[in-house]
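Thanks for coming. I have one structure to go through today, so please look at the sequence and the model first.

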Amino acid sequence: MSQAVDARRAAAIPPLTEEQARRRREYIQRLKGDSSWGFESVPDDFEHTWERTITPEAVRLYTDGVEEMNPWYESESPFGKAIVPPFFLSRESAHCFDPLGPGVGRVHVSHETELLEPILVGTTVRLKAKVGRKYFKRDRRYIDVNIDITDAATGKLLAREKRSVIAEYRKMGEASS
Amino acid sequence: MIVTKSTPVGFELPGVKKQMVIQLMGSSAWGRTNPIHWDYETSVASGLPAPIATGQMSTAYLGEMLVQSFGEAVFKGSKMQCKYISPIFAGDTVTAKGVVRETTPVGGHIRFKVEMWVENQDGKLVTVGSAEITV
């Protein structure tokens, strides 16, 4: 890595006070303690279904997180009321492994998303996730998950998602740094 | 909306450019419960050189670009795929870009196929993908 890149990355991570650093370590330990995440801990037939009411606050968290200012997501859209951003539920799909606790170290590597209908803010959606495949590729452990997203009230299919994650970035056999 | 039925193959969508900020990378919307997105030591222990942004932030930038160009057509009957091929780090400046690669008439409408990607400040591809949208 060049010195210029090193300097840019270092400058982008602000220094912490001792108290901040201590609390951060404690929080990370709690996350790890709450997690049973790992390639081996995901059964081949793993399934998880959950519902989420898409609140204005949840949409605001998402749009603030990428500095997206489109009024369609806050007030009115061409579909009448406010709608959710196109990939909002792709992000929500990341909760497919929530029964295993925090996914410390997990890395999302790809997704395919099909948007069938616009989704209004306020809708309660049901997400049904099912592991499609677990496999090894280039010394990393992959899991593919298929997710159907329906309107919880009507059962209408709104979107489909296929996402792939690797259990951790480090390759199999590499020692932890 | 910028794209119309007569938009030709080769049309370059206006890009979306963002500065990656570690406080956003670690926010509740993205990486709060996975410290590889905001904690240096955890990232290095996982084999990474530094905290990385969730791929979904890249996807959101591509979504913003698509909505700017295709408007409401994005939200009904569209398909997208994204592959995160290289990490994005705090301090990077990334740009979502896209080019119309195919147009196919479908029942009075045009189905557009778009090649899209996100590149960093060095021009390195970090995310690649495609979208199909009917106008």
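I start with one helix of chain A. The buried residues of α3(A) are A:Val59, A:Tyr62, A:Thr63 and A:Gly65. Buried means that 20 or more other C-beta atoms lie within 10 Å of the residue's own; with 12 or fewer a residue is exposed, in between it is partly exposed, and C-beta atoms are placed from the backbone. Helices (H or I, at least four residues) and strands (E, at least two) are DSSP runs, numbered from the N terminus. Seen down the axis of α3(A), the buried residues fall within an arc of 160°, so they line one face of the helix. That arc is taken over the directions from the helix axis to the C-beta atoms.

A word on provenance. This is a predicted model, in which local features need pLDDT of at least 70 and side-chain atom pairs count only at pLDDT 80 or more, while totals for chains, interfaces and linings use all residues. Residues are numbered from 1 along each chain as its sequence is written, and chains are lettered from A and ligands numbered from 1 in the order in which they are written.

Back to the helix. The buried residues of α3(A) pack against α4 (88–92) of chain A together with α1 of chain B. Why does A:Thr63 count as buried? Because A:Thr63 has 20 C-beta neighbours inside 10 Å. Leaving out residues up to four places away in sequence, A:Thr63 touches A:Glu68, A:Tyr73 and A:Pro85; contact means C-beta atoms, placed from the backbone, within 7 Å. A:Glu40, 23 residues from A:Thr63 in sequence, is 34 Å from A:Thr63 in space, C-alpha to C-alpha. After α3(A) comes A:Glu67, with a positive phi near 50°.

Next, the sheet. Its 10 strands form an open sheet in the order β1(A)-β5(A)-β6(A)-β7(A)-β4(A)-β2(B)-β5(B)-β4(B)-β3(B)-β1(B), with antiparallel pairing. Two strands pair if DSSP finds at least two bridges between them. At the edges are β1 (47–53) of chain A and β1 (12–19) of chain B, each pairing on one side only. From one strand to the next, the twist averages 15°. Where do the chains meet in the sheet? Strand β4 (residues 107–115) of chain A runs antiparallel to β2(B), joined by 6 bridges, and A:Leu115 stands opposite B:Ser78. Within chain A, β5 (residues 124–137) and β6 (residues 140–151) pair over 12 bridges.

Now the contact between the chains. Chain B and chain A give 47 residues each. On the side of chain B, the largest share, 10 residues, comes from α3(B). That side divides into 24 nonpolar, 16 polar and 7 charged residues. Here Ala, Val, Leu, Ile, Met, Phe, Trp, Tyr, Cys and Pro count as nonpolar, Asp, Glu, Lys and Arg as charged, and the others, Gly among them, as polar.

Last, the core. The largest nonpolar core has 76 residues, and those touching the most other members are A:Val84, B:Met25, B:Tyr61, B:Leu62, B:Leu66, B:Phe70 and B:Ile133. Such a core is a set of buried Ala, Val, Leu, Ile, Met, Phe, Trp, Tyr and Cys residues joined through C-beta atoms within 7 Å. Helix α3 (residues 55–70) of chain B gives the most to this core, with 8 residues.

Technical notes:
Two residues are in contact if their C-beta atoms, placed from the backbone, lie within 7 Å. Axes are lines fitted to C-alpha atoms, for helices over the stretch in contact, and angles run from 0 to 180 degrees between N-to-C directions.
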